[in-house]
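Dear colleague,

Please find below the structure that I am handing over to you. My findings follow directly after it.

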Amino acid sequence: MRSEAVILAAAFGYLALLFLIAAWGDRRASQGRSVIGSPTVYALSIAVYCTAWTFYGSVGRATTQGASFLLIYLGPTLAMLSAPFILRKMVRIAAAQRLTSIADFISARYGKSGALGALVALIALIGITPYIALQLKAITLSHAVLVSYPAAVDWRLAEEPFWADKSFWVALVLAVFIILFGTRHLDASERHEGMVAAIAFESLVKLVAFLAVGLFTLFVLFRGPADLFAQAGASPALRGAFDLAAVEGGALGWSGLLLLAFLAFLTLPRQFQVLVVENVDERHLRRASWLFPLYLLAINLLVIPIALAGMLLLEGSDPDSFVLTLPLSAGLEGLPLLVFIGGLSAATGMVIVETIALSTMLSNQLVMPWLLRASRLHAAHRGELRGWLLGIRRVAILLILLLGYLYHALLGDAYSLVTIGLVSFAAAAQFAPALLLGLYWRGANRTGAIVGLLLGFAVWVYTLLLPGFAQSGWLPLSFVEAGPWGLDWLRPYALFGLEGWDRYSHALFWSLGLNLAALVGLSLFTPQSRLEQTQAALFTEALHRDAMPAGVWQGETSRGELRRLLSRYLGAKVATRVLESGDDTQPAPPVLIARTERALAGALGSASARVLINSVVRGEALDLEAVLSILDTTSQTLEVNRRLEQKSQELARIGQELRAANERLRELDRLKDEFVAMVSHELRTPLTSIRAFAEILRDGQDLPEAKREQFLEVVVHESQRLSRLIEEILDLARLESGRLTLTPRRLDLAMLARHGLAAVERLQAERGVSLEVAIEADPAWVVGDPDRLEQVIINLLDNAGKFADDEHPRVRLSLCRHKDHYRLAVEDNGPGIAEDERERVFEKFHQIQRQQHGERRPRPKGSGLGLPISRGIVAHLGGRLWVESAPTLGGASLVMELPEAPNES
Amino acid sequence: MPKVLVVDDEPNIVLSLEFLMQQAGFEVTTAEDGESALARVAEAGPDLILLDISLPDLSGFEVLERLRQTPRGATLPIIMLTAHGREVEREKGLALGADDYITKPFSTQALVEKVKALLDEAR
Amino acid sequence: MPRTTKPSRRRERLLALLLLALVLFSPPLVMIADRPLGGGLSALPLYLLLAWALVIGLAAWLLEGGPREEDQG
């Protein structure tokens, strides 16, 4: 089953299947029924992040570096969690400006700078080549393991001619394959839908294959996780395998690696391709933000069991191949083949996307600008250049893969899989300062970006790439150990004497540090060109504007000239689509020029597109000031509008408050009039009797003694009533002005209640009111003014007597403890007080209002000031007074609550 | 002997008015709310009414209004008594057909004279 | 999450989740988790996988719980 033929058939069959899926995806896309318009497919396509490095290398890294392999996936998890802040912005900008690669993106941000684009493309090419080599190595290695097992793999690369080297043929086959489905179109704005569909499929294949090995290991080779971990725990060699101490660089190395993975995830060309360029709908980011991390979790879940099993069962064999050798060692046939296909899919997925991304960069940022500058080309080829462009792409793809092969063939053996991957990560991370800072800081400029990138790249070469060469024997090892020319402070792994760091944190610190310092420093002290200012504004403000202008052209050209330009580079079909039909001799409106530029940018990169448009548009090419002022004015207007809105809302609110206050004042005024009228009425009533009888007594000298005494008694009684009334009015005035003087002391409320009862007893008996008493708390110590409180109690009793039932009036006084308060309640068996009336009985003049509303119930005698005064007094003593339904007698119950007095001490 | 009906809810005021009217030589009946005042008018047939405005059930104005609608009460001399000193109430009372209007506290002498004058007029 | 939640609230919550994840995955906590389990192996990988799953779960809840149009803000 493991014959060469079967393996080859499986591999090619798999590639053919991929091709079919891609072709199907492309056809569906051209029919307008996209298969990738789903957030799940988008998330799966992002999983191109998991390469052969994940598939084989995670286990290898787990055996030597413990849990740190997880960092490579925790970093991207953080990056995806930050998608609403970072990726969404990138996606929106790329869509608005038709940016097709990270080189294009960075170049566009810094004023569509051709130099910067070329620099990014070059760094990407150099930095990523080892990574592609790694995939080739993985395919070749897994193939070799599969064929020669159980014999050890025999590596004699250097001695073999290249045509005998399988990697060479793998590279070639892949190149053809990628050319076949990566360069079928030119206009990159038509995304590679077929490719994305194929990549999503590949992500499923590698996940399934890896999980299959993991489950096989756990449940076939061992009797479940408990068994495996028990055996591993028993082995002294494995006990410390997953300690933090196993991680290179310890806690510092840990953080460094987390940062590296976070940055690389955003800056690796293939990740940029699938995350940003191939994104068809910004909203897909939301699902992908958690689905992709979930994928990562799933594919890493069983890494440790496999690593442990490999270390237990296959001591001494290559940990990078455990995934394959574990099922092989059990004598299986089918599973190893599935694993091989899984690894193949992980590797091809990466190579396909990476190569397409790199070839786009190479052709758009390096070759095309150079060709466009060579005027020779303009003269010689007035015809269609479309073929040229496609040719360049195809050659680029071939070149990239051959470069990968060369790297692999010449020095690929020195490093394990993960090590090569990390070196590439560190190279890609150099784009992060220019990319991320450029998204948020308008001031970042081209000079800073270029110098920063150059410095970062140089340090990367020195601290990571050259030591790699040294380990492959290209350079003397002393270069690493003693420093060049024996200069100790120049040792690549301990630059300037920074020792004790792991090499990645070390390299990251120096390269990113210098990169960032140069970017910030130079940006602060060198000027920005006007185009840069425009682009910086467009990039940093991307999320605040819905329709982002891609550029405003002020110059003049005709539709015909634009059409010639477009058909020359993109073909007549595209030209018709972009420009539609119209009179070719007419001047083209600025919108049309902008559209042409975007179409060109999609295929050639923004820098080249600008050069081309400049070549046909006469006069003032770009009115940068206008764009800037439009942007600024818009944001200023928005701000002004927002403030106006705020102010008017505030005004409306204040107006309402004023109206309410005015209403309240009017109400108070009305109440004051009522009060005065009522006071006058209440004062006049006793006064009337007094005056009448006084006059009667004065005029009638011959009155019988009995009458005389009766009338004098009335005069005295009414005078008393008058003075009581005046007293009440004064109390109320004092209460309201806060000048009521109370002399609080500790007193027994029960005693006071009994006093009050005694005081009203006679009067109530006259009225026929039966008084009931239930004093449960005795004594009930509170703090209060005894005279005032007695006044309140008498008032409550008096009140209750008036409101009690006419036929059989009953009043009940109860005193009980409630938490740390005492409650004195006076109930009656009258009609009670309606819910909405209950607060109003505490308003002074309440009676007057009742009367005015024409109620038929006999008006109780009294000034109507008793309850408001009582409430005021109780409140002054820290208590409360309210009305509720009487629980025993069914009428109203007035409840007075006072806090318990503190213990005497 | 002319009959006077005294309507007020303050017992002491009723007491003083009753005494004053008796002293002046009239027969006196009393009522302490609006409904009983209307009933007294029907049963006792007074020649003059001293009517307080603030009564517990009906206001004095209502009593006045209803009396004026009955054949017996249409021409009956009625003096309104009030503890409210407001001009509007006086106008309202006169507009509703009160013959005179006295503010509390009142001069006993003036009150008696007014009653006598009105009774003479009516006769 | 109720429908009335403003987009900015969700952004704030996501930002908080991002910071939480960063703290969970970084040294001080990682060092605490680095101690032997019963079997003799370090608890570090187990801790990482659990923390990871928690973060993903929270992200899914935050991102899928709300109404669709919130993404626009």
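A:Glu667 and A:Arg670 are joined by a salt bridge, with their closest N and O atoms 3.1 Å apart. A salt bridge here is a side-chain nitrogen of Lys or Arg within 4 Å of a carboxyl oxygen of Asp or Glu. Side chains of opposite charge can pair when their charged atoms come close. Both A:Glu667 and A:Arg670 belong to helix α30 (residues 624–699) of chain A, where three residues, about one turn of the helix, separate them. Helices (H or I, at least four residues) and strands (E, at least two) are DSSP runs, numbered from the N terminus.

A:Glu667 has a relative accessibility of 30% and therefore counts as partly exposed. A:Arg670, with a relative accessible area of 35%, is partly exposed. Buried means under 20% relative accessible area, exposed over 50%, and partly exposed in between (1.4 Å probe, protein chains only).

Please note that this is a predicted model, in which local features need pLDDT of at least 70 and side-chain atom pairs count only at pLDDT 80 or more, while totals for chains, interfaces and linings use all residues. Residues are numbered from 1 along each chain as its sequence is written, chains are lettered from A and ligands numbered from 1 in the order in which they are written, and side-chain values use heavy atoms, with hydrogens and water left out.

Over all chains, the search of the whole structure gives 32 salt bridges. One of them pairs the side chains of A:Arg721 and B:Glu10 at 2.9 Å, N to O. This pair crosses between chains: A:Arg721 is in helix α31 (residues 705–737) of chain A, and B:Glu10 is in the loop between β1 (3–7) and α1 (11–23) of chain B. Both A:Arg721 and B:Glu10 are buried.

Within chain B, a salt bridge connects the side chains of B:Arg66 and B:Glu35 (3.9 Å, N to O). The pair links distant parts of the chain, 31 residues apart, with B:Arg66 in helix α3 (residues 60–69) and B:Glu35 in helix α2 (residues 34–44). B:Arg66 is partly exposed at 38% relative accessibility, and B:Glu35 is partly exposed with a relative accessible area of 40%. Elsewhere, A:Arg88, A:Arg92 and A:Glu282 form one network through salt bridges that share partners.

Finally, A:Ser203 lies in helix α9 (residues 193–221) of chain A. Its relative accessible area is 0%, so A:Ser203 is buried. Leaving aside residues up to four places away in sequence, A:Ser203 touches A:Leu44, A:Ala47, A:Val48 and A:Tyr295, where contact means heavy atoms within 4.5 Å.

Yours sincerely
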